[in-house]
Amino acid sequence: MSQRIWLSSPHLGEEETAFVEDAFRTNWIAPLGPHVDGFERDLASYAGVGHAAAVSSGTAAIHLALLLLGVERGDTVFCSSLTFVGSCNPILYCGAQPVFIDSEPQTWNMSPSALERAFAWAKQEGRMPRCVVVVNLYGQSADMDAILPICQRYGVPVLEDAAESLGALYKGRASGSFGRIGVFSFNGNKIITTSGGGMLVADDEALVQRARKLATQAREPAAHYEHVEVGFNYRMSNVLAGIGRGQLKVLEQRVAQRRQVFETYRKELAGHTQLHWMPEPAGDRSTRWLTCFTLDGPHASVKRDLVLRYLERHSIEARPVWKPMHQQPLFRGAPYFAHEGGDLSGSLFDAGICLPSGSNMTDEQQARVIEQLRRALALAEDTRAAA
Ligand SMILES: *Cc1c(COP(=O)(O)O)cnc(C)c1O
């Protein structure tokens, strides 16, 4: 049996151990410490934002960001529907109610026209959202030039979930730098990882300082541990921040490698015309964190399942595109605004597949994925012909 090929596995560089050894040598394992400050500075500078707070996960960063934007029990929060649940679980932590917005075909991210209709509805219902969570999927930025002016017009801040898009550029500017607050994740499967971790970024220094305070049990500046508000234990340890500093040094390399993985898939599978790659609008740089495609035709979801099962039988980890949040039992009853022409995120889920895309996948491994995928696609076509 050949070795399993993973969707996206951690890929360490050469400098991480030196940073970690330094943390051990100085006995600065936890809490906080110089690597946390260094990682925050390095990342803020990479993303072109004023300030950053390193925390224990991307989900924790989103939770803090919602609190910083004033989300309270009973509030409404708009959020992209096509995403990982980490984008919107924190809405429930706050006791707020999500309203889900569909995707548009050019980026697979938030549809500006669906957003516009959601705002018109919210105004009529007296349910203006406290903020809009805009997600950048699979390494591709949402269309910020269309989305931001709509939110500005209604005076509602944007929380940019860039957990999957660190290293991406939108019209030359770093993804994650567009919202009032931006969030990154360093979970094990992301483009760079600290094994687990996250970062909250903003130009507004006061916001980021407040994030650090809330993430440190909301401790007041007093030696006797004074507390006047609820806090959390959400800070990143000095050891993990050391790994992050090493990983950040290889980020550009990882982007190039993931893009190369995508190019190889595209070139090698060019003959399969039923296969449509996730688009990358001109002027943007997707990181191609995951290479994704959809199948076409009326039996797309049957074919999708067949292809996924076939790859699984051959020890290849591929996945469906995210199941949209408006279809999740957890969010049953939440309002949903579809793109014109119908539920696009639903059809991306029905027909979409994410392929192994790790920057440490070998050429031989990728060749194996391509060979098995060709066979699976041929089989899927036959099945459809027989149906
Ligand atoms: C990974 C991810 C998160 C959550 O990040 P964690 O660090 O795993 O908590 C949030 N949103 C999206 C879109 C993600 O992919």
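Visitor: Which strands form the open sheet with antiparallel pairing, and in what order?

Guide: This is a predicted model. In it, four strands make up an open sheet in the order E10-E11-E14-E12, and their pairing is antiparallel.

Visitor: What makes E10 and strand E12 the edges of that sheet?

Guide: E10 and strand E12 (319-320) each have a single partner strand, so one side of each is left without a neighbour in the sheet.

Visitor: How do you know that E11 is paired with strand E10 and with strand E14?

Guide: Two strands count as paired if at least two bridges are found between them. Strand E10 (residues 275-277) and E11 share three bridges in the antiparallel sense, and E11 and strand E14 (residues 352-355) share four, also antiparallel.

Visitor: Which residues of E11 are the bridge partners of His276 and Trp277?

Guide: His276 has Thr294 as its bridge partner, and Trp277 has Phe293. Phe293 also stands opposite Ile353 in E14.

Visitor: Why is strand E11 described as largely enclosed by the rest of the structure?

Guide: Five of the five residues of strand E11 (residues 291-295) are buried, so the strand is largely enclosed by the rest of the structure. Thr291, Phe293 and Leu295 point one way, Cys292 and Thr294 point the other way, and all are buried.

Visitor: Why is Cys354 called buried?

Guide: A residue is called buried when its relative accessible area is under 20%. Cys354 has a relative accessible area of 2%, and is therefore buried. Cys354 belongs to strand E14.

Visitor: Which residues are in contact with Cys354, leaving aside its neighbours within four places in sequence?

Guide: Among them are Leu7, Tyr138, Leu290, Thr291 and Cys292. Ala318, Arg319, Pro320 and Val321 are also in contact with Cys354. Ala318 lies 36 residues from Cys354 along the chain, and their C-alpha atoms are separated by 5.6 Å.

Visitor: What is the order of the open sheet that eight strands form?

Guide: The order is E1-E9-E8-E5-E4-E2-E3-E13, and the pairing is mixed.

Visitor: Which way do the residues of E5 point, and are they buried or exposed?

Guide: Val158 and Glu160 point one way from E5, while Leu159 and Asp161 point the other way; all are buried.

Visitor: Why is Ser195 called exposed?

Guide: Exposed means over 50% relative accessible area. Ser195 has 53%, and is therefore exposed. Ser195 is placed in the loop between strand E8 (181-185) and strand E9 (198-202). Although Ser195 is not a glycine, it has a positive phi of about 80°.

Visitor: Why is Gln217 called partly exposed?

Guide: The term covers values between under 20%, which is buried, and over 50%, which is exposed. Gln217 has a relative accessible area of 42%, and is therefore partly exposed. Gln217 is found in the loop between helix H7 (205-214) and helix H8 (238-249). Gln217 has a positive phi of about 60°, although it is not a glycine.

Visitor: How do you know that the radius of gyration of the chain agrees with a compact globule?

Guide: A compact globule of 387 residues would have a radius of gyration near 21 Å, and the chain has 21 Å, so the two agree. Along its principal axes the C-alpha trace spans about 75 × 60 × 35 Å.

Visitor: What does the secondary structure of the chain come to, and what percentage of its residues count as buried?

Guide: The chain has twelve helices and 14 strands. Of its 387 residues, 55% count as buried.

Note on methods: Residues numbered from 1 in each chain as written. Predicted model: local features only at pLDDT ≥ 70, side-chain atom pairs only at ≥ 80, totals over all residues. Heavy atoms only, no water. Helix = DSSP H or I, 4+ residues; strand = E, 2+ residues; numbered from the N terminus. Rg over C-alpha atoms; globule rule 2.2 N^0.38 Å. Buried < 20%, exposed > 50% of the residue type's maximum accessible area, 1.4 Å probe, protein only. Contact = heavy atoms within 4.5 Å.
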